[in-house]
Amino acid sequence: FLLPPAATLPPAATATADDGLGAAKKALEGAISAQDLNRARDAIKAVAAEPGEKAVKVVAAVIPAARELDIYKDLVEALAAMAGASDPALKEIVRTASKDPEWMVRFLFVEALADVDKPEARQALFGASDDKNQTVAAQAMHVAGTRKIKAAVGPLIDACDRFAKKEKEERLSTEARLALAAITGESFTPPGDWKRWWEANEADFDPLNVAERKARLDGSRGLRRVEDAGAQE
């Protein structure tokens, strides 16, 4: 009994994908060892072109050795691209962001999550504010602020409230408030004030309007400074 020809296709296709990732992995490791920036960037693109759990693990494995090479942004972008292209890749990124034993790996993966607009990624990003390493926890809140993620406002207010009750968490409490200010354009200190403001504004709030309003305000302030300087001459 002979299997139909189509039955032999999946193993061949899988082998080809594995071969491609294996070559990209070898190229990336070689470029990092040689501290060759251009080769490393090309290799990262090649890894990202084979999105999946194994590709994500390749990225995680090279991060500690790549600290002296300027490829941080390239790795973040590659992870975000893979998360958007592959559910297994997204699942592995989420797992690595919380479970990897190396804090610097979690740090980079957390930033990648901020660029993935999917429920699993958002949940993992907000959860990272409780990472056992304060630098990683602060990073999670910081990138939520710089990306102006509206969905982060509620979790950040909760984090603000949680950290305000712990003296050793003052750094994280400050980071939560800074992230909230970056997203909302507002500045409060007590968590209760943030909660009341959010309850009144959540429905109609748009972070893009905050940026536009701030730009107009900064422009008017600049014009007033020019006018004031002219009046003093």
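## Close-up views of a predicted helical model

**Figure 1. Aromatic pairs in the predicted model.** The structure holds eight aromatic pairs, a pair being two rings of Phe, Tyr or Trp (its six-membered ring) with centres within 6.5 Å, where planes under 30 degrees apart count as stacked, over 60 as edge-to-face and the rest as tilted. The rings of Trp197 and Trp198 form a stacked pair, because their centres are 5.8 Å apart and their planes stand at 25 degrees. Trp198 also pairs with Phe205, and here the centres are 5.5 Å apart and the planes at 75 degrees, so this pair is edge-to-face. Trp197 is buried, with a relative accessible area of 14%, and Trp198 is buried at 8%, where buried means under 20% relative accessible area, exposed over 50% and partly exposed in between (1.4 Å probe, protein chains only). Phe205 is buried as well. Ring pairs join Phe188, Trp194, Trp197, Trp198 and Phe205 into a cluster. This is a predicted model, in which local features need pLDDT of at least 70 and side-chain atom pairs count only at pLDDT 80 or more, whereas totals for chains, interfaces and linings use all residues. Residues are numbered from 1 along each chain as its sequence is written, and side-chain values use heavy atoms, with hydrogens and water left out.

**Figure 2. A charge over a ring at Phe163.** Arg162 lies over the face of Phe163, at 5.1 Å from the ring centre; a charge sits over a ring if NZ of Lys or CZ of Arg is within 6 Å of the ring centre and within 35 degrees of the ring normal.

**Figure 3. Packing of helices H6 and H8.** Helix H6 (residues 103–114) and helix H8 (residues 134–146) pack with their axes 9 Å apart and at an angle of about 10 degrees, the axes being lines fitted to C-alpha atoms over the stretch in contact and the angles running from 0 to 180 degrees between N-to-C directions. H6 and H8 are therefore roughly parallel to each other, a term for angles under 35 degrees, as against roughly antiparallel over 145, roughly perpendicular from 65 to 115 and oblique for the rest. On the H6 side the contact is made by Trp103, Arg106, Phe107, Val110, Glu111 and Ala114, and on the H8 side by Thr135, Val136, Gln139, Ala140 and Val143, with contact meaning heavy atoms within 4.5 Å. Gln139 of helix H8 is buried at 7% relative accessibility. Not counting residues up to four places away in sequence, Gln139 touches Tyr72, Phe107, Val110 and Glu111.

**Figure 4. Ala159 in helix H9.** Ala159 is found in helix H9 (residues 153–164), helices being DSSP runs (H or I, at least four residues) and strands likewise (E, at least two), numbered from the N terminus. Ala159 is buried, with a relative accessible area of 0%. From C-alpha to C-alpha, Ala159 and Arg177 are 9.1 Å apart in space, while 18 residues apart in sequence.

**Figure 5. Two loop residues with positive phi.** Most residues other than glycine have a negative phi. Gln35, in the loop between helix H1 (9–33) and helix H2 (37–48), has a positive phi near 55 degrees and is partly exposed at 38% relative accessibility. Lys148, in the loop between H8 and H9, has a positive phi of about 55 degrees although it is not a glycine, and Lys148 is partly exposed at 34% relative accessibility.
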